[in-house]
Amino acid sequence: MLPSQLFQSAANQLCTAWNTQGNNTYKWEWVTSKSVFAETLGGGYLAMCNIPVPAVSQLPDMLLVKAGTGHDTDGTSAKVLSGNACSSECNDEVDIACVPAECDHPIHFYDYHIVYLPSYSVPTLLFTGRHKDGIMLDWDLLVADLPESYRCIAHRPDARWTFISQVDHPHLKRPWYMLHPCQTAELLQLMLKPDGSNAEVLRTEHSRQVYLMTYMKAWFSLVSPVMHMHLESD
């Protein structure tokens, strides 16, 4: 688990790692909270706003890539998007680095926030999506924009309580979608060294910063596919 007083330092580590990655057009920014509970909530949150994501449900069939195959529906090689605006090669089903805001094809716009939830003591991804005209996306369209493997999870009967839930944003007090953090602490414990939370690891400033970077990269690897993002390994 991550103490609330270390969340801002951990968030800054992730922000630096992402923002210095050469191929990232969109950047994370730290937002200081104005909430009366700011200290309990980690002091603020990371925000990346107005991110264009192809509206998968509205793309022509010829532009869709079957997840994990790199091929279209007839088995031939295909890119995620074609045309002048979105002609870059992508390794994932959709890579936001390949999707400029002026893309010719239908797109949705997403805001992503990384917040700290004291009830789980872990970073948590909150997000919201909208059409180009500002109308918010409903559940079905939001799920349709997820990578295919995550769409399968989202269609499970209990998905709205165990996978993606709608909650009040802890800082903004407005409804946002949340990638549910119920298993996050356990997964991170498996991914990190067994003594990762011991005082010995956090004894010096250097060891603390190294651990927080490792922690946030591990956490980001769990949630980044939902955002169609990828953080390069060292």
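Colleague: In what order do the elements of the protein run from the N terminus on?

Modeller: Helices (H or I, at least four residues) and strands (E, at least two) are DSSP runs, numbered from the N terminus. Here the order is α-β-β-β-β-α-α-α-β-β-α-α, which comes to six helices and six strands. The model is a predicted one, in which local features need pLDDT of at least 70 and side-chain atom pairs count only at pLDDT 80 or more, whereas totals for chains, interfaces and linings use all residues. Residues are numbered from 1 along each chain as its sequence is written, and side-chain values use heavy atoms, with hydrogens and water left out.

Colleague: What percentage of the residues in the protein is buried?

Modeller: A residue is buried under 20% relative accessible area, exposed over 50%, and partly exposed in between (1.4 Å probe, protein chains only). Of the 234 residues in the protein, 49% are buried. As for contacts (heavy atoms within 4.5 Å), 59% of those with a separation of 6 or more link residues 24 or more positions apart.

Colleague: Which strands pair with β6?

Modeller: Two strands pair if DSSP finds at least two bridges between them. Strand β5 (residues 164-168) runs antiparallel to β6 and is joined to β6 by five bridges; S165 has M178 as its bridge partner there. β4 also pairs with β6 in the antiparallel sense, over two bridges, and F127 stands opposite Y177 in β6. Strand β6 itself, residues 175-179, is mostly covered, with four of its five residues buried.

Colleague: How many residues lie between β5 and β6 in their hairpin?

Modeller: Six residues lie between the two strands, and K173 in the turn has a positive phi of about 55 degrees. H171 belongs to this loop and is buried, with a relative accessible area of 12%. A polar contact is a pair of N or O atoms within 3.5 Å; within protein, one must be able to donate a hydrogen and the other to accept it, and residues adjacent in sequence count only if both atoms are side-chain atoms. The side chains of H171 and S33 make such a contact at 2.7 Å. Beyond its neighbours within four places in sequence, H171 touches residues including S35, L41 and V115.

Colleague: How much space lies in the largest pocket?

Modeller: Rolling a probe the size of a water molecule over the atoms shows where empty space is left. On a 1 Å grid over the protein atoms alone, a cavity is a set of points where a 1.4 Å probe fits but cannot get out, and a pocket is an open set with protein on both sides within 12 Å along at least five of seven lines; lining residues have an atom within 4 Å of a point. Grid points are joined across faces, edges and corners, and a volume is the space filled by probe spheres set on the points. The largest pocket holds about 360 Å³. It has 21 lining residues, and those closest to its centre are F163, L179, H180, T184 and L187. H180, in the loop between β6 and α5, is buried at 18% relative accessible area.

Colleague: Which residues line the largest cavity?

Modeller: The lining consists of V53, Y110, Y112, F127, L142, D145, L146, V226 and H228. About 60 Å³ of space lies in this cavity.
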